[in-house]
Amino acid sequence: MSPVERPVPPLNADERTTLESWLDFHRTTLAMKCEGLDDEQAAVASVPPSRFTLTGLVQHMAEVERNWFRRVFAGEQAPPIFDPRADPDGVDGGFELASGATLGDALATWHAEVARARELCVDRALADTGRFMEQDVSLRWIYVHMIEEYARHNGHADLVRERIDGATGV
């Protein structure tokens, strides 16, 4: 596997480019946190009693991508990916590891959801809306929320990765 390249968001760009660049920066950060780990390492829990793992986090972010871009923004009827009984809004979904779950499979699913999100947004205006909690929600709001979601979880990922092998600062 080649090293993940993380582009720095432009310092002076239009609003859409800024939002999409920061979202991609944080998506790439998550991929970098997982780089070089095997399935066993990626399934190491953070700190007991928590069962939080990097594989579970990648699965969760696939669910979050699916929820906000496919269900909320595009109005698709997309079922949960990892647990059919999970919250259909993806709020808590994906963290639990099924028997045989692998980091590679989780990353492939997550990459597919990110690609689908990009497809759904490419020709849409930031003011275009989906529906959330019976209200209109703009693509702009979804982008900002997703940046926040990734930034928060990347902090968690940094701590888990440090526990696994001491790697920090990515």
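Here are a few questions on a helix and some aromatic rings.

This is a predicted model, where local features need pLDDT of at least 70, side-chain atom pairs count only at pLDDT 80 or more, and totals for chains, interfaces and linings use all residues. Residues are numbered from 1 along each chain as its sequence is written, and side-chain values use heavy atoms, with hydrogens and water left out.

Q: Why is Phe52 called buried?
A: Buried means under 20% relative accessible area, exposed over 50%, and partly exposed in between (1.4 Å probe, protein chains only). Phe52 has 16%, so it's buried.

Q: Why does Phe95 count as partly exposed?
A: Its relative accessible area is 21%, so it falls in the partly exposed class.

Q: What makes Trp68 and Phe132 a tilted aromatic pair?
A: Rings of Phe, Tyr and Trp (its six-membered ring) pair if their centres lie within 6.5 Å; planes under 30 degrees apart count as stacked, over 60 as edge-to-face and the rest as tilted. Here the centres are 4.6 Å apart, with 50° between the planes.

Q: Why does this pair tie together parts that are 64 residues apart in sequence?
A: Because Trp68 lies in helix H3 and Phe132 in strand E1 (residues 129-132).

Conventions:
Helix = DSSP H or I, 4+ residues; strand = E, 2+ residues; numbered from the N terminus.
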